[in-house]
Amino acid sequence: QLGIMAINKLEDEELDLSVRQNFFVVAGRELDAEIKKSPGHAVYPWYRGLLLRRSGQDKEALPYLELARQFSPNKQVILFELVSLYFNLGEKEKALKLAEQTYQSAPAFQDAIGVYADALIRHNRVEEAKTLLAGVTMPDLRLINAFVDVGEYEIVLELWQKIVDNSPQDV
C-alpha cells in the first residue's frame with residue numbers, strides 16, 4: 001500500500017517537494033525490507049521498480065523489475081514495463097525481443113499486440129506493425145503515438161476511427 005501511495009505522491013505537485021521525497025525514501029526503504037522478508041514475491045520488487053522509474057531512475061529500476069520478472073515470468077504488466085524500460089535505456093533489441101515474446105505468449109491480448117506493434121514501429125518495421133493491427137479492436141495512445149512518430153498519419157486516423165466507433169461517448 002505504501003508503495004502505491006508513494007508512486008502516486010511522487011506525481012502530486014500539490015505536495016511540497018520535501019514531502020514527496022520523504023514518501024520516496026520511506027517507501028523505498030520499506031519495499032526493500034519486504035523484498036528481503038518475502039523472497040519469491042513479485043509485487044515488492046515490482047513496486048520498487050515502478051517507484052524508481054516514476055522518480056526518473058530507470059537504470060536503478062532495472063534490477064528490481066528483472067527480479068519481479070524472475071518471480072512472475074508471465075505477468076504481462078511486468079513485461080510491458082520492462083519493454084518500456086529497455087527502450088528508455090537504449091536497449092532496443094532487448095525491448096523488441098521481450099515485446100515479441102510477450103505477444104507470442106498471449107497473441108489475442110490487446111495490450112500485448114499494442115506493445116509488440118509499438119516495438120516493431122520503433123525498429124522501422126512499420127508494415128509488420130500494420131499487419132498486427134488487424135487484431136486490435138481498441139488501440140491505445142502508445143500505439144497511436146508510435147505511428148505519429150514515424151509519420152503514418154493514415155494509420156493514425158484509422159486507429160482514431162476505431163476508438164470513436166468502439167467508444168463514441170468518449171469523443
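**Notebook: aromatic pairs and core**

I counted two aromatic pairs, taking rings of Phe, Tyr and Trp (its six-membered ring) as paired if their centres lie within 6.5 Å. Planes under 30 degrees apart count as stacked, over 60 as edge-to-face and the rest as tilted. The model is predicted, so I note that local features need pLDDT of at least 70 and side-chain atom pairs pLDDT 80 or more, while totals for chains, interfaces and linings use all residues. Residues are numbered from 1 along each chain as its sequence is written, and side-chain values use heavy atoms, with hydrogens and water left out.

I looked up F80 and F109: the ring centres are 6.0 Å apart and the planes at 20°, so this pair is stacked. F80 sits in helix α5 (residues 76–88) and F109 in the loop between α6 (92–105) and α7 (110–122), 29 residues apart. Helices are DSSP runs (H or I, at least four residues), numbered from the N terminus.

I then checked accessibility. F80 is buried at 14% relative accessible area, whereas F109 is partly exposed at 35%. Buried means under 20%, exposed over 50%, partly exposed in between (1.4 Å probe, protein chains only).

I found Y103 and Y116 stacked as well, 5.2 Å centre to centre with 20° between the planes. Y103 belongs to helix α6 and Y116 to helix α7, 13 residues apart. Y116 is buried, at 8% relative accessibility.

Of its 46 residues, L82 and F147 touch the most other members.

Methods:
Core = buried A, V, L, I, M, F, W, Y, C linked by side-chain atoms within 4.5 Å. Helix = DSSP H or I, 4+ residues; strand = E, 2+ residues; numbered from the N terminus.
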